[in-house]
Amino acid sequence: MVLEQAATTAPIIVANAVKRSFGRGTGAVHVLKGVDLSIGQGKLIAFKGRSGSGKTTLINLLSALDRPSEGEIIFQGRKLSALGDKERDHIRRKEMGLIFQSFALIPLMSAYENIEFVLRVAGVPASERKAAAEAALEQVGLKGRMHHRPFELSGGEQQRTAIARAIAHRPKLLLADEPTAELDSRTGLQIMRVFRGLVESTGMTIIMTTHDPAIMEIVDHVYELEDGRIVVSTH
């Protein structure tokens with residue numbers, strides 16, 4: 001029993017003394033200046049901070065889209081910077097879900113086809129893709145719009161499609177950069193309920209950036225970044 005409890009409380013992702021700089025010499029911009037972070041499984045986490053505080057850069061590092069200049073990111077016991085590009089890509093496709101500020105939808109594909117395509121890339125069997133795509137769209141309230149292309153959807157509907165695409169394969173870790181920024185307050189709250197439900201029903205860990213004070217009341221933990229460092233951590 002002790003071993004089982006230890007396994008469930010082990011962190012899913014850790015940042016050890018992470019720094020990220022762009023450029024060299026006197027012209028270098030130091031975006032992250034030493035971030036230490038340990039996030040447990042099955043948590044809904046928010047990063048907050050002013051523009052330029054390092055939130056998006058930290059999300060990019062945690063999602064293995066970028067490598068730290070110094071320090072280490074460890075995802076489920078694996079040092080991401082020690083892995084090759086193919087291994088990092090595989091982890092992103094199979095074990096992570098990503099939601100960007102830009103929707104990044106394929107314009108000639110319907111909402112359903114955008115999600116089905118990502119499931120295919122993630123290696124989900126053909127027999128399971130239809131049900132998984134439809135379930136994800138239903139969770140974000142878009143099953144009735146599944147055959148519409150992005151240009152036929154509102155900005156909020158496009159963002160919800162991007163969220164459905166990111167959760168359809170049930171990743172262990174979902175990373176979202178301002179996932180509710182383009183949504184009205186009611187739809188944003190709906191998405192947060194979806195996130196909370198995923199955490200509670202599947203044990204998924206969700207890390208997001210936000211400026212919305214209402215959302216910060218829903219999450220398990222808030223980390224505030226300022227000038228490239230975590231300055232406040234609150235439950």
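The structure holds 15 salt bridges, where a salt bridge is a side-chain nitrogen of Lys or Arg within 4 Å of a carboxyl oxygen of Asp or Glu. This is a predicted model, so to speak a computed one: local features need pLDDT of at least 70, side-chain atom pairs count only at pLDDT 80 or more, and totals for chains, interfaces and linings use all residues. Residues are numbered from 1 along each chain as its sequence is written, and side-chain values use heavy atoms, with hydrogens and water left out.

| Pair | N to O distance |
|---|---|
| R120 and E116 | 2.5 Å |
| E200 and R196 | 3.9 Å |
| R196 and D220 | 3.1 Å |

Take R196 to begin with. R196 is buried at a relative accessible area of 17% (buried is under 20%, exposed over 50%, partly exposed in between, with a 1.4 Å probe and protein chains only). Helices here are DSSP runs of H or I with at least four residues, and strands are E runs of at least two, numbered from the N terminus. R196 also forms a salt bridge with D220. Because D220 lies in the loop between α8 (213-216) and β9 (221-226), that pair ties together parts 24 residues apart in sequence. D220 itself is partly exposed, at 26%.

Over in helix α4, R120 and E116 are likewise 4 residues apart, about one helical turn. R120 is partly exposed at 44%, whereas E116 is buried at 12%. There's a network of salt bridges too, linking R78, E95 and K172.

Now for helix α5 (residues 126-139). Its 14 residues reach 21 Å from first C-alpha to last, close to the 20 Å expected at 1.5 Å a residue, the expected span being 1.5 Å times one less than the number of residues. R129, A132, A133, E134, A136 and L137 are the buried residues of α5, and their cover includes α4 (111-121) and α6 (155-167). Just after α5, G141 takes a positive phi of about 75°.

Within α6, Q159 is buried at 0%. Leaving out residues up to four places away in sequence, Q159 touches I99, F100, F103, E178, P179 and L183, contact meaning heavy atoms within 4.5 Å.
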